[in-house]
Amino acid sequence: MAHRFLPGDRPWRELSVAVLGGTFTGAPAAAFDALGRATIAVVGADGRLAVARRAAPGSAEFGPWTVTG
């Protein structure tokens with residue numbers, strides 16, 4: 001999945017969904033958490049919620065997916 005959160009983010013970055021089975025259902029949701037970190041949430045093909053967030057506010061890279069359920 002390619003993403004950019006802020007207008008100045010260059011280039012587009014790739015967040016792999018391979019660990020989620022290579023796909024997800026529906027559209028991803030994006031938000032900022034209480035610490036100002038960009039966060040992406042998706043529902044995996046297995047129906048479980050997966051969340052990835054940036055390591056720190058302003059960081060260009062996301063950490064690994066955290067899968068619940």
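Strand 3 and strand 4 form a hairpin with five residues between them, and G36 in the turn has a positive phi of about 85 degrees. This is a predicted model, where local features need pLDDT of at least 70, side-chain atom pairs count only at pLDDT 80 or more, and totals for chains, interfaces and linings use all residues. Residues are numbered from 1 along each chain as its sequence is written, and side-chain values use heavy atoms, without hydrogens and water. Strands are DSSP runs (E, at least two residues), numbered from the N terminus.

**Strand pairing**
- Strand 3 (residues 24–32) pairs with strand 4 in the antiparallel sense over six bridges; strands pair if DSSP finds at least two bridges between them.
- A30 has I40 in strand 4 as its bridge partner.
- Strand 4 also pairs with strand 5, in the antiparallel sense, over five bridges.
- V43 has L49 in strand 5 as its bridge partner.
- Strand 4 and strand 5 form a hairpin with four residues between them. G47 in that turn has a positive phi of about 85 degrees.

**Core and burial**
- Five of the seven residues of strand 4 are buried (under 20% relative accessible area, 1.4 Å probe, protein chains only).
- The largest nonpolar core has 10 residues, among them I40, V42, F62 and W65. Such a core is a set of buried Ala, Val, Leu, Ile, Met, Phe, Trp, Tyr and Cys residues joined through side-chain atoms within 4.5 Å.
- Strand 4 gives this core its largest share, three residues.

**T39**
- T39 lies in strand 4 (residues 38–44).
- T39 counts as buried because its relative accessibility is 12%.
- The T39 side chain reaches the backbone oxygen of R37 at 3.3 Å.

Technical notes: Buried means under 20% relative accessible area, exposed over 50%, partly exposed in between (1.4 Å probe, protein chains only). A polar contact is a pair of N or O atoms within 3.5 Å; within protein, one must be able to donate a hydrogen and the other to accept it, and residues adjacent in sequence count only if both atoms are side-chain atoms.
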